[in-house]
Each structure stands twice: as C-alpha cells, then as structure tokens.
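Subject: Structure for you to look at

Hello,

Here is the structure I promised to pass on. Please open it beside this email and follow along.

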Amino acid sequence: MATINTIAIIGATGNMGSAIAKSLSKPGSYRLLLMSNDTDELAQLYSQLKEPNTGTEIYSISCAREASWEADIIIVATQNDAEKEVAEKIREVATGKIVISISNPLNSAYRQLITSSDTSAAEELQKLLPNSKVVKTFNTTFAADFISSVIDEKTADVFIAGNNGDAVKTVSEVVKSAGFNPIIAGDLSVSRTLERMQLLRIRYTMNNSYNWLAGWKILHN
Ligand SMILES: NC(=O)c1ccc[n+]([C@@H]2O[C@H](COP(=O)([O-])OP(=O)(O)OC[C@H]3O[C@@H](n4cnc5c(N)ncnc54)[C@H](OP(=O)(O)O)[C@@H]3O)[C@@H](O)[C@H]2O)c1
C-alpha cells in the first residue's frame with residue numbers, strides 16, 4: 001500500500017491556508033495537520049473539512065513546531081512578514097523535509113515587491129531553513145482558484161521551482177491533488193520570476209477591477 005504523506009499547513013485558517021487544506025482533504029490524498037493560532041477558527045475549519053471527508057485523517061494543532069515535527073511536507077501559509085518567526089520555530093524539526101513557500105512579498109499597497117531583484121521570498125526562506133528543501137509553488141494561484149481550478153474549460157497551471165528534484169516531484173503530486181496542472185519552472189531562483197508574475201497579475205486584476213477567479217495557462221499547439 002502506498003504511504004500517505006503528512007502535510008502540515010502553518011496558518012491554516014488564512015485565505016490560502018484554508019483553500020489549500022480544502023483542496024487536499026479528499027480521502028486517500030494526504031494526512032493533514034492544520035496549524036493556526038486562532039483556536040475558534042481552527043475548530044470551524046476542522047469541522048468543515050472533517051464532516052464531508054470522514055475517511056481523511058485531519059488534526060488541528062496550535063503549535064507550529066509540533067505540526068512540523070509530525071509532517072513530511074510543511075506549507076508555510078502565513079503572510080511573508082511572519083515567515084521569519086515561523087522558520088525560527090520549525091527550523092530544527094524541518095530538517096530534511098520539504099517546505100513549501102507560497103508567499104508573494106508585496107508591499108502594503110500591493111504595488112511592489114519588498115525583496116531586491118537578486119532574491120525572492122522562497123530563497124530567503126531557504127536561508128532561514130538551510131537544512132530543509134524549500135520549494136516554491138501556489139504563489140501564482142489566487143485562493144479563489146482552489147474552489148474552481150478549471151477556468152474557461154482549462155485547468156489552471158501552477159508553477160513549481162526548487163533545487164531538489166525529488167522534492168519538486170513530490171510537490172508536483174501535491175499540486176495535481178489540489179486540482180491544478182503542475183509546471184516545473186526551474187530551480188529555486190526562478191521564484192524571483194514567479195513572485196513578479198503574481199505582482200503583475202495582482203496589479204492587472206486591481207487596475208481593471210476583475211474578479212479573483214483567474215489563473216495562468218500556457219497554451220500549446
Ligand atoms: N490570498 C491569495 O490569493 C494568495 C495567492 C497566492 C499567494 N498568497 C500568499 O499566501 C500567503 C498567505 O496569504 P493569505 O491571503 O492567505 O493571508 P491571510 O488570509 O492573512 O492568512 C495568513 C494566516 O497566517 C496566520 N499567521 C500569521 N502569523 C502567524 C504565525 N506567526 N504563526 C502561524 N500562523 C500565523 C494568520 O493568522 P492570524 O490571522 O491569527 O494572525 C492567518 O491565518 C501570503 O504570503 C501571500 O503572499 C496569497
């Protein structure tokens with residue numbers, strides 16, 4: 001029998017954390033450890049996920065270190081400015097594990113990235129977690145896309161960047177389970193491009209007052 005990976009979602013009650021959790025809660029996919037500081041919201045999310053998916057192992061945990069200790073894959077779903085604090089809490093227990101960076105390090109006006117052009121949020125997280133395998137993904141996906149990953153009859157693409165081939169492959173499976181088409185974009189430094197792609201899309205969406213159900217798609221002949 002194939003082993004089911006355990007995924008910890010740190011910041012599980014946020015827009016992205018809860019959307020990712022819902023998309024991965026189908027029985028047979030993953031064992032989920034939902035971590036949030038907000039115990040009331042966490043209890044609500046737990047019920048929402050557990051009731052329709054009684055066959056899935058789902059646990060709610062209020063400690064990032066404990067959740068990460070038990071996980072094979074850790075998704076950091078907090079805002080970018082909380083990542084340093086989370087990294088410090090999980091560093092030891094995340095050794096050798098896959099850590100997914102979903103963040104877009106936007107300034108408060110959503111007009112620019114706060115990182116310089118020679119780095120990215122994912123690379124900064126890798127520096128904070130030198131013994132983990134940081135993989136960038138889901139940053140080019142809006143939270144709304146997890147409700148409907150098929151847009152205009154096409155499955156939205158989700159880009160993946162990382163330095164460890166096996167980790168990237170494992171994350172591709174996570175992306176597929178969430179309902180998207182995975183595209184391996186390159187090593188972790190490609191996150192610089194991926195984070196700028198999402199800045200472009202956020203600006204474009206806001207400037208045109210478009211809705212947030214929109215995704216990237218590379219079209220082929
Ligand atoms: N929203 C999107 O469509 C979207 C798309 C792509 C990528 N992203 C990226 O995804 C990340 C999360 O965005 P979001 O929109 O989901 O933000 P959000 O709704 O504000 O969620 C962030 C979550 O992190 C929690 N949190 C904050 N500090 C924490 C800590 N130290 N330990 C544990 N949990 C903590 C927050 O809990 P409290 O509220 O209790 O503090 C909240 O539940 C960001 O980096 C963003 O750039 C977002």
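**What I found**

Start at the end of the chain: Ser 209 is found in the segment after α7. Helices (H or I, at least four residues) and strands (E, at least two) are DSSP runs, numbered from the N terminus. Two notes on the source come next. Residues are numbered from 1 along each chain as its sequence is written. This is a predicted model, where local features need pLDDT of at least 70, side-chain atom pairs count only at pLDDT 80 or more, and totals for chains, interfaces and linings use all residues.

Most residues other than glycine have a negative phi. Ser 209 has a positive phi, near 50 degrees. Phe 138 also has a positive phi, of about 65 degrees, and is not a glycine. Phe 138 sits in the loop between β6 and β7 (150–151).

Are these residues buried or exposed? A residue is buried if 20 or more other C-beta atoms lie within 10 Å of its own, exposed if 12 or fewer, and partly exposed in between; C-beta atoms are placed from the backbone. Phe 138 has 29 C-beta neighbours inside 10 Å, so Phe 138 counts as buried. Ser 209 has 6, so Ser 209 counts as exposed.

**The sheet**

Eight strands form an open sheet with mixed pairing. Their order is β3-β2-β1-β4-β5-β6-β9-β10. Two strands pair if DSSP finds at least two bridges between them. β3 (58–61) and β10 (181–186) stand at the edges, each with a single partner strand, so one side of each has no neighbour in the sheet. The twist averages 25 degrees from one strand to the next. Here axes are lines fitted to C-alpha atoms, for helices over the stretch in contact, and angles run from 0 to 180 degrees between N-to-C directions.

β2 (residues 31–35) pairs with β3 in the parallel sense, over 4 bridges. In this pair, Leu 32 stands opposite Ile 58. β4 and β5 also pair in the parallel sense over 4 bridges. Ile 73 has Ile 98 in β5 as its bridge partner.

In a regular strand the side chains alternate between the two faces of the sheet. Look at β5 (residues 98–101): Ile 98 and Ile 100 point one way, Val 99 and Ser 101 the other, and all are buried.

**Helix α1**

Why is α1 called largely enclosed by the rest of the structure? Because 7 of its 9 residues are buried. Among them are Met 16, Ile 20 and Ser 23. The cover over the buried residues includes β1 (6–10), β2, α2 (39–50) and β4 (73–76).

Take Ser 23, which lies in α1. Ser 23 has 21 other C-beta atoms within 10 Å, so Ser 23 is buried. Leaving out residues up to four places away in sequence, Ser 23 touches Phe 146, Ala 178 and Gly 179. Contact means that two C-beta atoms, placed from the backbone, lie within 7 Å. Ser 23 and Ser 149 are 126 residues apart in sequence, and 9.8 Å apart in space, C-alpha to C-alpha.

**The ligand**

There are 25 residues around the ligand, and Gly 11, Gly 14, Met 16, Ala 82 and Ser 103 come nearest. A residue counts as near if its C-beta atom, placed from the backbone, lies within 6 Å. α1 (15–23) and α4 (83–90) are the elements that give two or more residues to this shell. The largest share, 3 residues, comes from α1.

Best wishes
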